[in-house]
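Subject: Structure handover and notes

Dear colleague,

I am passing on the structure below, followed by notes on what was found in it. Please read the notes with the coordinates open beside them.

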Amino acid sequence: MKIIRIIAQVAVLYIFFLAGDYLQKLMHLPVPGSIVGLLLLFILLLFKIVPVKLIEDGSLFILAYLPMFFIPATAGIMNHLDIFSGRGLMMIGILVASSVLTMVVTAHATEWITVRRTGSRSRSKITVAREKGSEA
Amino acid sequence: MNILLAAGFVLMNVGIYLFMSMLYKRFRLPVLLPALTATFTVVVLLLGFDISYDTYMIGGEWINRLLGPAVVSLAYPLYKQRHVLWQNLPAILGGTVIGLLVGMLSGMLMAVGLGFSKLYVLSILPKSITTAVAIQISSSLGGDSSLTSVFVMIAGFTGAIGGPYIIKLFRIRSESGIGIGLGTASHALGTAKALEYGEQSVSMSSVAMTVCAIVGSIVGPLVSWIMYH
C-alpha cells in the first residue's frame with residue numbers, strides 16, 4: 001500500500017509544481033515555476049493548511065532518487081564534449097576558483113554576522129550562543 | 001514504436017542509476033557518485049551505439065518532467081528544519097545572499113574575461129545551486145542545462161574534496177561558517193562533506209542549500225540582467 005501512497009503524494013507534489021508554473025506565467029515572475037511551487041508548499045506547511053503527512057513519503061521517495069531525475073538533462077553534455085578539451089579546460093579552473101571564493105566569503109560573512117549579533121568578539125562563543133537558541 | 005523506445009530509455013536510465021548507486025554504497029568514493037557515473041555510462045552508450053541525444057530524449061523527457069515536483073519536494077526538508085532556519089535567519093540569509101552574489105559574479109566575470117560565449121557565461125551563473133534548480137534557472141536565462149549540470153558537479157566536487165583544505169587555509173572556525181559555506185558553494189555534495197564537522201554543520205548546510213536555491217532563482221535573473229544590459 002505504501003507504493004500507492006507514494007504515487008499519490010508525488011501527484012500532489014506535481015500539482016504544486018503545476019500551480020507554481022501557472023502563477024509564474026500569470027504574474028510574469030522571473031523565478032522558475034517549480035520554485036514558486038516549493039515556496040507555496042512551504043508556506044502552506046508552515047500554516048498547517050497542508051499537513052506534512054500529505055507529502056512526507058512522496059518527498060522522501062523523490063529526494064532519495066533525486067540524482068536519477070537529472071541524468072537525462074546532464075547527458076546533453078554529449079553535444080558539448082569540447083569543454084573537456086583545449087580551452088574548455090579553463091572553465092574547470094574558473095569553476096574551482098569561483099567555488100573556493102564563494103565558500104570562503106560565505107563562511108566569513110556568516111561568522112561576521114553571528115559575531116555581531118551575539119555582541120561577542122570571540123568566535124569560540126558563537127556555537128555556545130547559538131545553542132541557547134532564539135535569544136542569540 | 002515511440003512509446004516502446006521511450007519506455008526502453010526510461011528503463012535503461014533507471015537500471016543504470018540503480019546499479020551505480022549500489023556500486024557507490026559499496027565503495028563510498030566521491031568519483032563513484034551515481035550522478036557522475038550513471039551520466040557517464042549513458043553518454044558512452046549513446047555515443048557507442050550512435051544514438052542521438054534527441055532520440056534518447058524521447059524517453060528522457062519523461063524523467064525530465066519529474067524535475068519540477070523534485071524541486072517542490074525540497075520544501076519538505078526545509079519545513080522539517082524550520083527551527084534551524086528561524087534561529088539563524090540573519091546568518092543564513094546574509095551568508096547565502098553574499099555568497100551567491102560573489103559566486104555568480106566571479107564565475108561570470110572570469111568566463112567573460114577569458115573570452116567564453118554568452119551561452120557559457122549564463123550556464124556558469126547558477127553553478128553553486130543544487131542541480132534540479134540550477135538547470136531550470138540556466139535554461140530560463142538562456143543558458144544550456146547540460147553545461148550547467150556539469151558545472152554544478154564541478155562546483156560540488158570542489159567543496160566535497162577541497163573543503164577540508166579550504167577550511168584550514170582560510171581559518172573557517174565555527175560550525176555554522178563551515179556548514180553555510182559548504183552548502184552555499186557546493187550544494188548537496190558540500191552538505192555531505194559537512195557531515196564530518198558535526199550535526200550543526202550538516203543542518204546549517206542543508207538549510208543553506210535550499211535557501212540558496214530559492215534566493216538564487218531570484219538573484220540569478222538580476223545578475224544576468226546586470227551583466228547583459
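Of the 136 residues of chain A, 47% count as buried, where buried means under 20% relative accessible area, exposed means over 50%, and partly exposed covers the values in between, with a 1.4 Å probe and protein chains only. This is a predicted model, in which local features need pLDDT of at least 70 and side-chain atom pairs count only at pLDDT 80 or more, while totals for chains, interfaces and linings use all residues. Residues are numbered from 1 along each chain as its sequence is written, chains are lettered from A and ligands numbered from 1 in the order in which they are written, and side-chain values use heavy atoms, with hydrogens and water left out.

Fold of chain A

The secondary structure of chain A comes to seven helices and zero strands, with helices (H or I, at least four residues) and strands (E, at least two) taken as DSSP runs and numbered from the N terminus. Read from that terminus, the elements of chain A run α-α-α-α-α-α-α.

An unreviewed UniProt entry places the feature "transmembrane region" at residues 7–23, 29–47, 59–78 and 90–115 of chain A; UniProt positions are given in the numbering used here, feature names are shortened, and annotations may be inferred rather than shown by experiment. Over residues 29–47 of chain A, the model is 74% helix and 0% strand, with the end C-alpha atoms 24 Å apart. Over residues 90–115 of chain A, the corresponding values are 100% helix and 0% strand, and the end C-alpha atoms are 38 Å apart.

Salt bridges

Side chains of opposite charge can pair when their charged atoms come close. Counting a salt bridge as a side-chain nitrogen of Lys or Arg within 4 Å of a carboxyl oxygen of Asp or Glu, there are five salt bridges over all chains. One of them joins A:Asp57 to A:Arg5, with the closest N and O atoms 2.8 Å apart. A:Asp57 lies in helix H3 (residues 56–64) of chain A and A:Arg5 in helix H1 (residues 2–27) of chain A, so this pair ties together parts that are 52 residues apart in sequence. A:Asp57 is buried, at a relative accessible area of 18%, whereas A:Arg5 is partly exposed at 41%.

A salt bridge is also formed by A:Asp21 and A:Lys25, whose closest N and O atoms are 3.1 Å apart. Both of these residues lie in helix H1 of chain A, four residues apart, which is about one turn of the helix, and A:Lys25 counts as exposed at 53% relative accessibility.

In chain B, B:Lys193 pairs with B:Glu196 in a salt bridge whose closest N and O atoms are 3.1 Å apart. Here B:Lys193 counts as buried at 17% relative accessibility, while B:Glu196 is exposed at 55%. Salt bridges that share partners also join A:Lys53, A:Glu56 and B:Lys80 into one network.

Aromatic pairs and charges over rings

The whole structure holds five aromatic pairs over all chains, for which rings of Phe, Tyr and Trp (its six-membered ring) pair if their centres lie within 6.5 Å, planes under 30 degrees apart counting as stacked, over 60 as edge-to-face and the rest as tilted. The rings of A:Tyr14 and A:Phe17 have centres 5.6 Å apart and planes at 75°, so this pair is edge-to-face. Both residues lie in helix H1 of chain A, three residues apart, about one turn of the helix; A:Tyr14 is partly exposed at 24% relative accessibility, and A:Phe17 is buried at 14%.

The pair of A:Phe61 and A:Tyr65 is tilted, at 5.2 Å centre to centre and 55° between the planes. A:Phe61 is partly exposed, with a relative accessible area of 34%, and A:Tyr65 is partly exposed as well, at 31%. In chain B, one aromatic cluster is formed by B:Phe9, B:Tyr53 and B:Tyr56.

A charge sits over a ring if NZ of Lys or CZ of Arg is within 6 Å of the ring centre and within 35 degrees of the ring normal. The charged end of B:Arg82 sits over the ring of B:Tyr79, 4.0 Å from its centre, and that of B:Lys118 sits over the ring of B:Tyr228, 4.7 Å from its centre.

With regards
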